[in-house]
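Me: I'm new to reading protein models. Please take me through this one, feature by feature.

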Amino acid sequence: MLLKPISKSFDLGDGRIVTIETGKLARQADGAVTVRQGNCVLLATVVANKEPREGQDFFPLSVDYQEKFASAGRIPGSFFKREARLSDSEVLISRLVDRALRPLFPEDYFCDVQVLISLISSDAEVMPDALACLAASAALAVSDIPIKEIISEARVANVDGEFVVNPSRSQLAKASSDFIIAATEKNLMMVEGEAKECSEEELVKALEIAHDAIRVQIKAQQELRDAVGVTTKRDYTKPVVNEELNAKVIAFAKDKVYAISKAGSSKHERSEAYDVLKQELIASLGEEATDADKKLAKKYYEDLKWEVVRNMILDDRIRLDGRQLDQVRPLEMETEPLPTPHGSALFTRGETQSLTTVTLGTKLDELLVESAAKSEYTKFILHYNFPPFSTGEVKMMRGPGRREVGHGNLAMRSLKQMMPGSEYPYTVRVVSDILESNGSSSMATVCAGSLALMDAGVPLPKHVSGVAMGLITRGDGKYAILTDILGDEDHLGDMDFKVTGTREGICGVQMDIKVDGLSMDVMREALAQARNGRLHILDAMYECIAEHRPEVKPHAPRMEKLIIDKEFIGAVIGPGGKVIQEIQRETGTTITIEEVGNYGEVSIFSQEKSGLDKAVAWVKGIVAVPEVGAVYEATVKGIKEFGAFVEFLPKKEGLLHISEISWKRLESMEGIFKIGDQVKVKLIGLDPKTGKFKLSRKALMPKPESAPRPQPQPKQDENNGEERL
């Protein structure tokens, strides 16, 4: 069979052409496309089962993005030399695509769908993550898998004051904001990004620019679909519907659900009341009810809860815990709850709690972040842990899941905006352990992380806080914006979005929008309400700790950085590392040396100040150039009858002549010094013939006043007894 590829292209601007092609690769998949920009090529495939699994009552979508190292001409650095489990970066890109695609499928579609996206050719300047969702959506568009709409994603970054769509890697390195936005032709669906304190209006502007760019991409997908000839989507088995049973559920439980929801009780009290009511509902169906009926009744019961609570919030302006719509839950926070970590904080907001620690490490502790296009080290690490007890559940403890990776990344990107620059010598690791959760533990991580960093003495100029917002809308035009949402409110809302930042602007944002036709005016109102919530939390954080501690904790590693001439790097290291190893061994320090341009950076870390001072003096001595007239603390290395040999700089010795030890004339060196004595000396000269250093101790001593000259005494001549002068 001859390959008959079909392709469509569009221009991102400035002549940057993107081409979508199908019909050439992976033809047995339900849908397969390649997306190319420059030398960057992505292959996306999608396959769906024809029938749902028996008893399936949820949509099983899996999205995996993977970068093939061969795409950049590299061999993986792992032991097996092959691509293994997805890296955190690949997981985050998979999440971006998953969150955008999931709302595209019909609500009653429960067949397994697998989307695989592979980077098969890399371009050093093209960011593949901005093209991944385009590739996945195009693969769905040319397939017969049922989807409601076509979607795409675009990155918008503020580079030198101008918004750029899908900027190059070099441009992105200079950007003050970086957002990835997903949208259909009419509606925004997902936003993820970070900024250096941008305004709410700047974010809205970025959304508008991205949406215009996405419409161009959607048009290209539609043209590709039409060229392939996809006009209909496959039929699928729909779940059983029993309107009579649904009516029974509503009649029995509606008023009772409303009463429980309106009570303003705690999470566990409310959950227990809902469960008791569910059991009463099932019992009310009678013995004639089949297992299938009971299962369906439970589904209708959950649907009823969703509708009742939404209407309660919209019509009565009452929330599940009794708060006002714009009210933040009670706040409690403290720094240094733990004695040993280098920094720690406990942040509690309602029924959500984060215990966060900060550890300060050396350059040797940096994290290697490896992808197909590049390998680089990062000095700021944030890990987020969500143990099952935080929600009162029993689950297997495995490695961090995609949710943990995503929540940790949002907190990391937010706090990173206030972290000191590359000149800060420490590697910083933040770990957030969620001890209790009922809504937005990622935002608790941001707040606790900021407090813990301040407690550790990391020089953050400002606090960063975050708040999770919700939006509930109805067809009659009513809507409610909720500040600091609960877990249940997150589930039933039409939009949940998290906004982090300082008092001056936004540092991070994550939005998932589930409603059609969300206007920018409502978005602006939601962002303004989020800002008020963020400022409220910031006020409490500044009361807890107003600024970073002036010094690190006594038990944290001390550090000092020295800048030395490039020519001295070898002298500090020594042959085979002998010198630097000796310094570390003798002083109990950790020393790293990095060549930067025409100079070297020597970073010295120590748990003890005395060891740090000794190592600093040692290195300074190695790189110091002896100066005539300078004063040094020297060590006696050898004693001769004419003076002492002293080491006044590492590996640099000179003669302290007997005549330069004191203003008083010394007859011998006996009893003056012993080996190992410390003596302060001044470099008074350099012998031009021998190159030896001349040192003086008496030059540092006050010169005694001249004594009166003794009068000569007459001496008696032994021969004649006469006196003579």
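Reply: Let's begin with pairing: two strands count as paired if DSSP finds at least two bridges between them. Strands (E, at least two residues) and helices (H or I, at least four residues) are DSSP runs, numbered from the N terminus. Before going on, note that this is a predicted model: local features need pLDDT of at least 70, side-chain atom pairs count only at pLDDT 80 or more, and totals for chains, interfaces and linings use all residues. Residues are numbered from 1 along each chain as its sequence is written, and side-chain values use heavy atoms, with hydrogens and water left out.

Me: In which order do the eight strands of the open sheet come?

Reply: The general idea is that strands of a sheet pair through backbone hydrogen bonds, either parallel or antiparallel. Here the order is E8-E7-E9-E10-E21-E20-E18-E19, and the pairing is antiparallel. Strand E8 (162-165) and E19 are the edge strands, since each pairs on one side only. On average, neighbouring strands of this sheet are turned by 15° against each other, direction ignored. For such angles, axes are lines fitted to C-alpha atoms (for helices, over the stretch in contact), and the values run from 0 to 180 degrees between N-to-C directions.

Me: What does E10 pair with, and over how many bridges?

Reply: Strand E9 (residues 175-183) pairs with E10 in the antiparallel sense over seven bridges. One of the partners you can look up is Ile180, whose bridge partner in E10 is Glu192. Four residues sit between E9 and E10, and the two strands form a hairpin. E10 also pairs with strand E21 (residues 506-513), antiparallel again, over six bridges. There, Gly193 has Val509 of E21 as its bridge partner.

Me: Is E10 mostly covered or mostly open?

Reply: Go by the cut-offs: buried means under 20% relative accessible area, exposed over 50%, and partly exposed in between (1.4 Å probe, protein chains only). Strand E10 (residues 188-198) is mostly covered, with nine of its 11 residues buried. Now try strand E18 (residues 465-473), where nine of nine residues are buried. Ser465, Val467, Met469, Leu471 and Thr473 point one way from E18, while Gly466, Ala468, Gly470 and Ile472 point the other way.

Me: Which strands pair with E18?

Reply: E18 pairs with E20 in the antiparallel sense over seven bridges, and Leu471 has Met495 of E20 as its bridge partner. With strand E19 (residues 479-483), E18 makes an antiparallel pairing over five bridges. Across that pairing, Thr473 stands opposite Tyr479, and Met469 stands opposite Thr483. The hairpin of E18 and E19 has five residues between the strands, and in this hairpin Gly477 takes a positive phi near 95°.

Me: How do I read a helix, and which ones lie on the strands?

Reply: An α-helix has 3.6 residues a turn, so residues three or four places apart point the same way. Helix H1 (residues 88-101) lies across strand E7 (152-159), E9, E10 and E21, running at about 135° to E10. Helix H7 (residues 291-316) packs on the sheet, touching E18 and E19, and its direction makes about 95° with that of E18. A touch, or contact, means heavy atoms within 4.5 Å.

Me: Which residues does UniProt list for "binding site"?

Reply: The unreviewed UniProt entry lists Asp490 and Asp496. Such positions use the numbering here, feature names are shortened, and annotations may be inferred rather than shown by experiment. Asp490 lies in helix H10 (residues 487-492), and Asp496 is found in strand E20 (residues 495-501). Asp490 is partly exposed because its relative accessible area is 30%, whereas Asp496 counts as buried because its relative accessibility is 9%. Leaving out residues up to four places away in sequence, Asp490 touches Ile485, Asp496 and Lys514.

Me: Where is confidence lowest in the chain, and where is it highest?

Reply: Look at pLDDT, the predictor's confidence in each residue, from 0 to 100. The chain averages 91, and 97% of the residues score at least 70. Confidence is lowest in strand E31 (residues 723-724), at a mean of 38, and highest in strand E4 (residues 40-48), at 98. Over residues 713-725 pLDDT stays under 50. Where pLDDT is low, the predicted coordinates should not be read in detail.
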